[in-house]
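The sequence and the structure are shown first.

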Amino acid sequence: MNRFYFVGLSIAVVAFLTANALLMFGEKSILPKSVYVSDYEQAYASTYNIDLFKEALTAPQETLEIYVQDHEALQQWTVQEGEAVSAGSELAVLNEAETAGQRALWETQKTALEGQRNEVNSSLTTLEQARAAQGGVVSRDASNNSQITNEDDEVIDFDVNVSVGVAVPQDGSYAAGIAQAEQELASIEAQLAVLEAQLAQSPSNPSVISPVDGVVSKINRNTEPLSIEIYSNEKVFLSYVLEDEWPLVQVADPVNIQGEGIDGIVQGTVQRISQVPAEKSKWLEAYHQLDPKEQNNPLAFYEIQIVVELPVDNTLPFGSNVNTAITLETADNAVALPTPWLFDYDGKVGKAHTLNINGRPKMVPVTTEFEKGTKAVLSEGPEAGTIVIHEEKLEEFVAPPKVFMPFPSRQPDFEVAKNTYWRAYVEYLLAR
């Protein structure tokens, strides 16, 4: 009898406790509850960047190529590869008997370049007006003829090494098109300077002279037309982006540059982004060696040109390797939260829990600027100084419960500890 009595009493007690627990702590309970939250932090503002790290090569800002008609017109070269030259320096001596034909070729090239300069100027004006009006697609093109007929009805072949063509995306971003047009215009102006310098010489003492200060990079002594290539003293940095990186990089993006021969970190900007695949060159070949990457599309390498705010020191030779970090996204004075702390988050908008003055959670909508690592950088959301909490259970409550959290802890710094005199430890223990 006693045995059944105690069994029944035990069952009754357990049922009573279970029922009370369900009434007190169940989802439908009206009793106020407190939730333990172990993950929390105080939001702070900082600057966040997304960088694209690239190998880059030191290259000349301009490469001038000066042509000589043929071997008969050339008497001798007076410079060698790698030699520094000044504007007006003699590069080659010409045969006086062949001067007339060479001058006719220069005149023809000058006429063609002046026509192309007009075309590019027209394109540039159209682009600037279209950007101001935020119009649609603008496209201008001019052919680069390789033959022309002179006054004596003779057909002359030449190569002015200039292509003219500007295309602007439908989205109205004209910066790249304008930069491309300005680049083409600068190239034409440089070549016109070469021709005008040659034509300004006396026919009685013909020679090929340098129009700029620079370095002789290559002399073509064998195949016609003969030519000499000069690197300008002004240096830029060349790099290449892949097909999936090309849409991310924009003209005027800031760049940090670091390498041998550079004191600290140099600030630069992206000056030009090519819209066509890079042609095979020694620069592209060197880049493949520095940053080898397997690509399904071997053409998907696009040249970008980076200029620096201060002139590059002459101790940095052409072809030297530097490291660059192109800033694709930046957010100043922004708050960032761990991405898992956001709920109802679709990659752009979501919600977060903050702690109000009464010690209860408060839902705050957030909008992200971009994600960096495991954090979402916010454009809208909690302000700096706000306590942000993370606990999945908070989403289950109809009314916000009270929360309690552990005190923040601070780990001792080992470097400080080992450099502290032993008496300081004793005094601290006694003071306690």
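Contact here means heavy atoms within 4.5 Å. The model is predicted. In this model, T58 lies in strand 3, which covers residues 45-60. Not counting residues up to four places away in sequence, T58 touches K235, V236, F237, W283, L316, P317, F318, G319, S320 and V322.

One of these residues, S320, is also joined to T58 by a polar contact of 2.8 Å between the two side chains. T58 has a relative accessible area of 0% and is therefore buried, the cut-off being under 20%.

Strand 18 comprises residues 301-308 and is mostly covered, with eight of its eight residues buried. The side facing one way carries F301, E303, Q305 and V307, while Y302, I304, I306 and V308 point the other way. The residues of both sets are buried.

Strand 15 (residues 235-242) pairs with strand 18 in the antiparallel sense over six bridges; in this pairing, L238 stands opposite Q305. Strand 17 (residues 266-273) also runs antiparallel to strand 18, and five bridges join the two. Here G268 stands opposite V308.

Four strands form an open sheet with antiparallel pairing, in the order 4-14-13-6. Its edges are strand 4 (63-68) and strand 6 (84-85), each of which pairs on one side only.

A84 stands opposite V215 of strand 13.

Definitions and conventions:
Residues numbered from 1 in each chain as written. Predicted model: local features only at pLDDT ≥ 70, side-chain atom pairs only at ≥ 80, totals over all residues. Heavy atoms only, no water. Pairing = 2+ DSSP bridges. Buried < 20%, exposed > 50% of the residue type's maximum accessible area, 1.4 Å probe, protein only. Polar contact = N/O pair within 3.5 Å; in protein donor to acceptor, adjacent residues only side chain to side chain.
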